[in-house]
Structures are given as structure tokens and as C-alpha cells.
Amino acid sequence: MAVRSLSVLVIPALAVAVLPIRPMVDVTALETARVRTHLATVEAELRTKDVSALTPAQRQARVRNLDVLHEYWVHAVFPVNTDFPGRRVPYFVDRYGTRCAMAYLIEQAGRGDLVARIAATHNNAYVHDLQDDPELSAWLRTNGLTAAEAARIQPSYGSPYADFQGRWEGKAVFGPRDSVVVRFVTTITDSEEGWTLTFAKRDPVAIRVVTFGGDSLVAEAGPLANILAPGQGMTRLHTVLHYGGNALTGTIEVQYASGAVVHGTTKAELECSGPTPPANVVAFVRRASLPKVRCITSTDVMLDRQASVFRVTYRGRGIFDVPEYASRIALRWRGRVGWILDDDMPVDSAPPGTFRAHPSDTLLVTPSFIGKMTERRLRLQWARTLLRDPDVPLFVPVGLIAALKDTVDEQLAALLVSAPTVMRHPELLAALAHLPVAPDSGYRRNDGGSTYVSASTGYANARDAADLLLWRQALTLIAAPSTTHDVLLTIATWNDRHLFMCGADPRPLFAALRARATRERDTTVLTALARERPSC
């Protein structure tokens with residue numbers, strides 16, 4: 001089930017081309033209000049999210065984009081669907097030059113070329129389906145937004161029949177004490193066309209919608225072959241269906257040419273992809289009391305079937321009675337089940353049942369498992385889930401720090417350096433302080449002066465944060481007999497990593513460190529201190 005979000009546009013013209021006059025009747029007041037309300041809601045949500053893991057530049061860009069989003073929905077000029085009558089379809093740029101919300105944000109940030117390319121190649125795609133676009137991903141990173149947040153900005157364009165859509169297998173029960181059972185399969189599409197009902201050993205018959213509202217609909221079929229007694233034709237089949245997540249329940253009424261009417265009840269279950277989920281996963285999801293769970297789908301099996309990942313799809317918050325779906329990811333590990341935090345779950349308000357690592361769970365941060373999570377785009381979410389526990393076993397941050405060597409993952413590094421467990425352990429801070437970072441540089445200006453440039457890309461921000469945390473407690477660490485050699489050496493080599501800055505007057509600190517290294521005959525630390533600069 002595609003993740004829904006918002007799409008919106010303002011009107012800067014694409015080019016000097018003459019655009020047709022915009023037909024005001026195509027955008028009803030109700031649809032405009034729906035999109036406007038959605039965008040206002042999303043703006044408020046995004047402004048309250050924790051952005052401490054972002055760089056200052058990303059935070060500044062994020063605020064700027066949210067200000068632009070505010071202007072956009074206040075102006076309330078949104079794309080018009082002129083190509084898909086009777087359907088809700090997203091547009092990146094419509095034929096009148098109106099941009100959707102994401103297109104407008106990108107264009108106002110100076111990337112009109114990116115907007116034009118996406119409009120030319122994927123104009124009616126959901127933003128969620130564009131997450132593999134490298135240019136769009138880079139723009140989102142630079143501007144402090146996640147792919148999930150971009151998808152959230154795009155409004156829902158789902159069918160009002162989305163709840164009922166799918167293949168449902170069930171049974172109709174008639175007679176005293178439900179003595180007659182007739183099995184059936186019904187297939188429901190996202191429009192009023194193509195609905196079919198198939199009873200056992202009967203040909204499919206078309207269903208037509210009589211009325212629809214909220215979680216219920218009334219449908220009819222007929223004439224059709226008798227499903228209860230051979231030789232008698234049925235003139236009409238009338239059914240009332242109620243949506244309940246992965247179940248349809250309701251009543252059925254069969255009318256014969258003679259005027260006789262037979263009443264019964266129906267119940268059907270939605271056919272979801274993949275194998276039936278284990279009983280403990282189903283029980284775990286039920287305890288979460290999610291509204292109208294639709295499917296629990298296995299998405300991956302790892303570590304010789306010790307670990308399984310499940311996506312739980314359920315009814316989310318809709319606007320103007322348009323169904324929207326949300327999803328959560330659950331991990332089943334050696335019989336235990338827990339949620340994996342996603343981008344829309346603040347760490348400080350994670351749901352009950354969030355997965356926690358036990359001391360015996362060392363396999364969950366091995367390169368093979370982290371690699372699998374990376375392939376499934378769950379690497380950062382997995383790290384957030386584990387590090388949320390203030391008492392997480394030490395092997396977890398150790399394994400995640402090791403994973404930083406696979407690729408440059410600035411978000412994971414920022415998450416680690418701000419994690420309480422990491423901040424309490426100097427050995428972990430020392431490991432982060434030695435992340436690979438481009439060296440500081442300097443150059444002489446035309447006026448004869450000098451300019452010094454400290455590295456600020458890649459792991460530089462996380463490295464600097466770890467170094468500062470160590471520096472602030474350095475005198476305490478130097479005085480503590482339990483402080484390891486690696487931590488002392490990291491303090492001693494500050495100058496090697498920061499050519500043009502220091503945390504404070506280093507002389508008292510380095511004097512204390514030199515005295516300890518001399519007592520312990522630590523030649524490595526003494527050699528590093530010999531490179532100390534007289535002034536920072």
C-alpha cells in the first residue's frame with residue numbers, strides 16, 4: 001500500500017509558453033479546503049519534530065522550506081486534474097503550470113531544473129515512489145527533510161473505495177441456525193467499475209454500487225444463477241457491507257422471480273500478500289489497538305530465519321472522509337516482537353512495545369544484519385530504535401559506530417553522538433572523534449592576510465561534537481585511574497584534528513596529561529603532546 005502524502009502547487013509559470021485559462025469549476029471548494037487543511041496540519045507537525053540531529057545548515061534550510069510551505073497553502077492555488085476524470089491523481093505540475101507543494105518548495109529553493117525533469121518523467125507519481133531519485137534525495141538531505149516527510153507533504157489522492165479495494169474471500173450464511181453456507185470471492189477496485197462477485201462453481205457476476213458512506217456501502221447484483229437451489233433464477237442480490245480492517249461483514253438478501261426473499265449474513269477476509277503472519281505477531285499487533293488493521297505483511301527474513309520484518313498497514317487519519325493508510329514496521333526476533341521507530345515517530349514518544357535489545361542480541365548489530373537493514377532503508381530507524389533505550393547494551397553503539405565505516409552516514413553519526421549511552425562512555429566518544437574527516441585547511445588572501453577553514457562536511461560535525469564532549473571532561477578523565485589509553489591519546493591528539501581551534505586554554509589540561517603519561521611511561525601520549533602548539 002503506497003504511503004500517502006501531499007502534493008500542492010503555486011503558480012510561477014514554467015516558461016514563456018502561453019498557458020490555457022484555468023477553469024475555476026475544476027477545483028471545488030471542498031477539494032481546495034481538503035488540500036489546504038492537510039498542508040496546514042503537516043506544516044504544524046513538521047515544525048514540532050526533533051531536528052537536533054540535523055546540521056545548522058540543514059535546520060536553517062528546513063525552516064525556510066516550512067515558511068515557503070506556509071505561503072503556499074495560504075495562497076491556496078493547487079493543481080487541477082484534467083486528464084483522469086473521476087479519479088484522484090497527483091500532479092507535480094498541472095497543464096496550467098501550477099506546482100504541487102513539493103514542486104513549489106524545490107523550485108523556490110532554486111532547483112527549477114529538477115522540477116522540470118520530474119514533471120516530464122514522473123508527473124503523476126506519488127512522492128514516496130520517487131525516493132530512489134538521487135537528485136531529489138540529495139535535495140531533501142540538503143534541505144533537512146526526510147523522504148517520509150516529503151511524502152507526508154503530498155496530499156492523499158486515494159479512492160473513496162480504498163478501504164474496500166482488494167480480493168476478499170468469505171462465506172454467506174443462510175437458514176435456521178446458519179445451516180446453509182455458500183462460499184464466495186469478491187473483487188473490488190478503486191473505482192465503481194470492475195467489481196465482481198464469484199460464488200463456488202459459478203461464473204463471476206458484476207456488482208454495482210447503490211450507495212456509499214463512511215465504512216459502509218450497499219451493492220447489488222443480478223440477475224444471476226441461483227446459489228441456494230438449482231433451477232430457480234435469482235432476480236436480485238442485495239448486500240450491505242461494513243469495513244473493519246481486514247474483514248468485511250454485513251447482510252445479504254436474495255430475491256427470486258416468484259417474489260420470495262431469503263436473508264443471510266456475510267463475512268469475508270482480505271487476501272494479503274505473503275504468508276500468514278505468526279500468531280505472536282498477530283497478538284502483538286492486536287495489543288497495539290491500531291485502528292482497523294488491514295494487512296500484516298512479511299517483508300524480509302534474516303539471520304537464518306531468526307529475524308523477520310513485518311509491515312503493518314492500518315487506517316490512518318483521513319481528511320474529509322478520504323481513507324488514508326499508515327504503516328508501522330515490526331521486528332520478530334527469536335520469538336520476541338517489537339516496533340521499529342520510523343521517521344514519523346518521535347524518539348521521546350515512541351509507542352509501547354518498541355523493540356529493545358537484550359544483552360544476548362549481539363547479532364542485531366553485526367555487519368550482515370545492518371547491511372540488510374540498509375538495503376531495506378531501515379538503517380537509521382533501526383539505530384534510533386535501539387539507542388532510544390538509555391540502558392541499551394554497550395555492544396549496540398559499538399556495532400553502529402563500526403557501521404559508519406561502510407559509507408558516509410552523517411545522520412547516523414549525529415544520532416550516535418547525541419545518544420545518552422554514547423555521551424556517558426568516553427571510549428565511544430573517542431571512537432567517534434577518530435571518524436575520517438577531511439583535514440582543516442588555510443590559504444593566504446590577496447590582501448596578505450590568512451584565512452583558516454575548518455572541515456564541516458561528512459563526519460566533521462559529529463567528530464567535533466564528540467571531541468568537545470571529551471574536552472569538557474578531560475581533566476576529570478585524566479585524573480581517573482580507570483580512563484583507558486585510547487581516551488587519553490584522543491585528548492592528546494586534539495591538535496592533530498583541529499589545526500585552528502581548541503576547546504579552551506589547553507595548557508593546564510595538557511600539563512596534567514603530560515604528568516600522568518610520564519608516571520605511566522606512556523610514550524605514545526607523550527609523543528602526541530610533543531606536537532602541542534603553544535597557542536590555539
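This is a predicted model: local features need pLDDT of at least 70, side-chain atom pairs count only at pLDDT 80 or more; totals for chains, interfaces and linings use all residues.
Biologist: How many cavities of 30 Å³ or more does the structure hold, and how much space lies in the largest cavity?

Modeller: There are 2 cavities of 30 Å³ or more, and the largest cavity contains about 180 Å³ of space. It is lined by 18 residues, of which Phe184, Thr186, Leu197, Thr239 and Leu241 are the closest to its centre. Two or more lining residues come from each of strand E2 (180–188), strand E3 (196–199), strand E6 (216–221), strand E7 (234–243), strand E8 (247–256) and strand E9 (261–270). The classes in this lining are 14 nonpolar, 3 polar and 1 charged.

Biologist: Turning to the cysteines, which residues does a disulfide join, and where in the chain do the two partners lie?

Modeller: In general, a disulfide is a covalent bond between the sulfur atoms of two cysteines. Here the count comes to 1 disulfide, which joins Cys272 to Cys295 with an S to S distance of 1.8 Å. The link is left-handed, with -85 degrees about the S-S bond. The two partners are 23 residues apart and tie together distant parts of the chain, Cys272 being in the loop between E9 and helix H7 (279–288) and Cys295 in strand E10 (residues 293–302).

Biologist: Is Cys295 buried or exposed?

Modeller: Cys295 counts as buried because its relative accessible area is 12%, under the 20% cut-off. Cys272, at 25% relative accessibility, is partly exposed, whereas Cys100 is buried at 0%.

Biologist: What surrounds Ser327, and with which side chain does its own side chain make a polar contact?

Modeller: Ser327 belongs to strand E12 (residues 325–333) and is buried, with a relative accessible area of 18%. Its side chain makes a polar contact of 2.8 Å with the side chain of Arg311. Leaving aside residues up to four places away in sequence, Ser327 touches Arg311, Val312, Thr313, Tyr314 and Asp342.

Biologist: For the backbone, which peptide bond is cis, and which residue other than glycine has a positive phi near 55 degrees?

Modeller: As a general idea, most peptide bonds are trans and most residues other than glycine have a negative phi. In this structure the bond from Gly222 to Pro223 is cis, with omega near 0 degrees, and Pro223 sits in the loop between E6 and E7. The residue with phi near 55 degrees is Asp304, which lies in the loop between E10 and E11 and is exposed, at 76% relative accessibility. Leu303 also has a positive phi, about 50 degrees, although it is not a glycine, and its place is in the loop between E10 and strand E11 (307–315).

Conventions:
Residues are numbered from 1 along each chain as its sequence is written. Side-chain values use heavy atoms; hydrogens and water are left out. On a 1 Å grid over the protein atoms alone, a cavity is a set of points where a 1.4 Å probe fits but cannot get out, and a pocket is an open set with protein on both sides within 12 Å along at least five of seven lines; lining residues have an atom within 4 Å of a point. Grid points are joined across faces, edges and corners, and a volume is the space filled by probe spheres set on the points. Helices (H or I, at least four residues) and strands (E, at least two) are DSSP runs, numbered from the N terminus. Ala, Val, Leu, Ile, Met, Phe, Trp, Tyr, Cys and Pro count as nonpolar, Asp, Glu, Lys and Arg as charged, and the others, Gly among them, as polar. A disulfide is a pair of cysteine sulfur atoms within 2.5 Å. Buried means under 20% relative accessible area, exposed over 50%, partly exposed in between (1.4 Å probe, protein chains only). A polar contact is a pair of N or O atoms within 3.5 Å; within protein, one must be able to donate a hydrogen and the other to accept it, and residues adjacent in sequence count only if both atoms are side-chain atoms. Contact means heavy atoms within 4.5 Å.
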